[in-house]
Amino acid sequence: MWARHDDPVHRATAYHDALGDFFAKNADTSPYNAYTDRPAMLQLAGDVSGARILDVGCGAGHYAAELSARGAQVVGIEGSATLLRHARARVNGQAELLLHDLEEPLGFAADASFDGAVCALVLHHVRNRAQLLDELRCALRPGAWLLVSTTHPTADWRRFGDSYFSQDWSDLPVADGSFAIHYQRMPLETFLGELLTAGFVLEQLIEPRPAVGLRDIDEAAYDKLHQAPCFIAVKLRRP
Ligand SMILES: C[S@@+](CC[C@H](N)C(=O)[O-])C[C@H]1O[C@@H](n2cnc3c(N)ncnc32)[C@H](O)[C@@H]1O
């Protein structure tokens, strides 16, 4: 459970209080979340009807609500009480939601008890990724899938400069600098290497372009996200 709410590291990596409220609202319609990451990841998920899915870092419940609506049985875990409140309102009892620190083992999950797991824009916030991936592999049944999206390494290289191979923890200002999102940038070989080292097999890798609906509401963002990727998304299998 979320035992270290006042620890500055953990407060920085989960989206508490005003940053949580900002993220919840922004994720509804943002060119990045609503039009780029989510449509691509949901397409990678495919038919989820009847599947038991773990939504890792479920945020304001956008994935949990959509996957439930598509017939999945969803368990969402999230470290921010603020976002969990938004998620509970969004899923309206259709998914099980738990306050959980992803730096801690998934004690609530029985081995091989999930058919799939979604980890959307979360892994780069977690320090003990090897432990989390090991726990996820155990919680997934053999043949189950894991979807992971993260910031595109070249987008971070453009944003933060320095070396493409930098693995620095960085702060990305959002909301005109009112907040900063703290995460670890990393080159592609680190992102993929960690997933493969954890025992997953890569099935598909995409560099999502925004859904066409974005062109009608924000043509500049649509064009920009078609020229340079902001995220990378992968579908993996637990052998
Ligand atoms: C960019 S948001 C993505 C939320 C959601 N997956 C989505 O795509 O809408 C990152 C999420 O990871 C959560 N998170 C970051 N570090 C965490 C940790 N140590 N334990 C639990 N959740 C964490 C944040 O609170 C936030 O909800």
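Which pocket does the space taken by the ligand form? In this predicted model, the space taken by the ligand is the largest pocket.

**View 1. Residues surrounding the ligand.** The ligand is surrounded by 21 residues. Thr13, Gly57, Glu78, Leu102 and Ala120 are the closest of these. Sorted by class, the shell comprises 11 nonpolar residues, 7 polar residues and 3 charged residues.

View 2. At Gly57, a backbone N or O atom lies 2.7 Å from a nitrogen atom of the ligand. Gly79 likewise places a backbone N or O atom 3.1 Å from a ligand nitrogen atom. At Asp101 the side chain takes part, with an N or O atom 3.1 Å from a nitrogen atom of the ligand. The ligand taken alone exposes 590 Å², and the protein buries 98% of that area.

**View 3. The salt bridge between Glu66 and Arg70.** The side chains of Glu66 and Arg70 are joined in a salt bridge, with an N to O distance of 2.9 Å. Glu66 has a relative accessible area of 31% and is therefore partly exposed, since partly exposed residues fall between the 20% limit for buried and the 50% limit for exposed. Arg70, with a relative accessible area of 37%, is also partly exposed.

**View 4. The salt bridge between Glu194 and Arg129.** How many salt bridges does the structure hold? There are 8 salt bridges in the structure. One of them links the side chains of Glu194 and Arg129, where the N to O distance is 2.7 Å.

Technical notes
Residues numbered from 1 in each chain as written. Predicted model: local features only at pLDDT ≥ 70, side-chain atom pairs only at ≥ 80, totals over all residues. Heavy atoms only, no water. Near = heavy atom within 4 Å. Polar contact = N/O pair within 3.5 Å; in protein donor to acceptor, adjacent residues only side chain to side chain. Areas by Shrake-Rupley, 256 points an atom, 1.4 Å probe, with all protein chains shown as cover. 1 Å grid on protein atoms, 1.4 Å probe; cavity = no way out; pocket = protein on both sides within 12 Å on 5 of 7 lines; lining within 4 Å. Sits in = over half its atoms within 2 Å of the grid points. Nonpolar A, V, L, I, M, F, W, Y, C, P; charged D, E, K, R; others polar. Salt bridge = Lys/Arg side-chain N within 4 Å of Asp/Glu carboxyl O. Buried < 20%, exposed > 50% of the residue type's maximum accessible area, 1.4 Å probe, protein only.
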